Amino acid sequence: MRSVNGTRSGGRPAGANLFAVRSHNTALVLDLLRTAGTEGISRLELAERTGLTPQAVSKITARLREEGLAAEAGRRASTGGKPRTVLRLVPEAGHAVGVHLDRDELRAVLVDLDGTVVGERRVPAGLGAGAEAVPGVVAGAVEELRHGLGGAGALLGAGVALPGPLDHARGILHRVTGFPEWEGFAFRDALAERLGVPVVVDKDTNAAALGLSLLGEGGAGGSFAYLHLGTGLGAGLVIGGRVHRGARTGAGEFGHQVVQLDGPRCECGDRGCLEALCLAAVRRGDTREAARVLGVGAGNLVGLLDIDLVLLGGRTVDAAPEVFAAGVAEVLRARARREGAQGEGAAVRIASGGGRGVAEGAAQLLLAPLFGREDG
């Protein structure tokens with residue numbers, strides 16, 4: 001893995017090599033520095049909250065300061081002795097690009113170590129442009145954002161979120177619905193070769209679910225489903241506080257559950273898929289019917305996993321959020337009443353983040369491991 005780029009005064013590297021900071025103990029310290037915000041946290045507090053010895057914390061924080069990832073945030077009065085120096089994360093010391101590659105467009109965001117968006121690009125080219133052209137288009141968008149850094153802070157890498165199914169571990173696409181020509185394409189390696197920085201590839205729904213989990217959706221160790229209805233339909237699942245990808249990283253192919261035997265043909269080759277029914281209703285302009293169908297699928301998922309939160313997102317949902325939230329919630333309430341469940345059934349909300357929620361989640365595919373939060 002290559003060292004990240006960028007320099008700070010004196011010619012020293014800005015940021016840090018990912019290998020240098022991705023130890024468990026360092027990740028614990030970095031995460032606490034990040035959550036402490038601008039007020040900072042003392043070394044003694046870091047030791048108490050991590051369970052590390054003061055000596056170990058001193059070594060870690062010294063290295064982080066040397067790498068430019070941490071800095072003094074002032075002094076704080078102590079109960080005895082001299083005031084304690086408090087440290088903070090330096091958000092601008094490192095950056096990641098998150099890319100949402102859809103079937104017909106690309107959205108890329110540049111975020112700092114805090115996850116704050118500091119740059120954005122949108123390109124009217126998606127998977128439909130073909131495997132020969134798309135990696136170059138994605139690399140171009142990433143390079144534009146990297147150029148905007150002007151040497152201030154490091155680019156740690158790029159996370160790319162796109163429709164599944166795909167192999168998250170190897171970065172290889174499977175037969176994306178409507179785009180069979182992408183099957184077997186090693187997207188991660190093709191993009192990493194162009195950029196010279198680490199690249200992580202995941203499904204759009206998983207990336208969004210990771211980002212939402214890091215924002216606290218579902219609570220600590222909680223579970224929820226993120227349903228993404230855009231040009232297709234999929235789900236990102238967080239179970240027990242962790243993104244659930246499955247044994248072959250293929251979990252969440254929610255849109256291709258058959259809910260109507262001998263129904264309309266789906267682009268996947270089957271009939272009566274939830275995705276086909278939802279999108280057909282949208283094309284007819286019957287948003288309420290699309291919401292009802294989505295609710296039926298959500299009800300199946302809630303019944304199977306016994307989760308109590310469903311988040312909705314994607315450009316189709318964003319075009320009529322109130323209709324989709326109300327329609328899905330009504331189906332879930334009706335199901336809960338039939339089953340005699342306590343309360344009103346699973347809660348339904350529109351996911352935060354709007355149109356760039358997937359891209360921001362894609363950036364967290366790079367950042368979350370740095371803070372020991374790979375799976376939310």
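Close-up 1. Helices (H or I, at least four residues) and strands (E, at least two) are DSSP runs, numbered from the N terminus. Glutamate 253 is partly exposed, at 30%.

A word on the model: it is predicted, with local features needing pLDDT of at least 70 and side-chain atom pairs counting only at pLDDT 80 or more, while totals for chains, interfaces and linings use all residues. Residues are numbered from 1 along each chain as its sequence is written, and side-chain values use heavy atoms, leaving out hydrogens and water.

**Close-up 2. Aspartate 202 meets arginine 245.** Here the two side chains form a salt bridge at 2.8 Å, N to O. Aspartate 202 sits in strand S10 (residues 199-203) and arginine 245 in the loop between strand S13 (242-243) and helix H8 (274-283), so the link spans 43 residues of sequence. Aspartate 202 is buried, with a relative accessible area of 0%, and arginine 245 also counts as buried, at 10%.

Close-up 3. Glutamate 330 and arginine 333 pair up at 3.1 Å, N to O. They are 3 residues apart in H11 (residues 321-339), which means about one helical turn between them. Glutamate 330 is partly exposed at 37%, and arginine 333 is partly exposed at 29%. Elsewhere, shared partners join Asp102, Asp104, Glu105, Arg122 and Arg315 into one salt-bridge network. The structure holds 22 salt bridges.

**Close-up 4. Helix H8 against helix H9.** The axes of H8 and H9 (residues 287-305) come within 8 Å and cross at roughly 165° (axes are lines fitted to C-alpha atoms, for helices over the stretch in contact, with angles from 0 to 180 degrees between N-to-C directions). That makes the helices roughly antiparallel, a label for angles over 145 degrees. H8 contributes Leu274, Leu277, Cys278, Ala281 and Val282 to the contact, and H9 contributes Glu289, Ala290, Val293, Leu294 and Gly297; contact means heavy atoms within 4.5 Å.

Conventions:
Salt bridge = Lys/Arg side-chain N within 4 Å of Asp/Glu carboxyl O. Buried < 20%, exposed > 50% of the residue type's maximum accessible area, 1.4 Å probe, protein only. Parallel < 35°, antiparallel > 145°, perpendicular 65-115°, else oblique.
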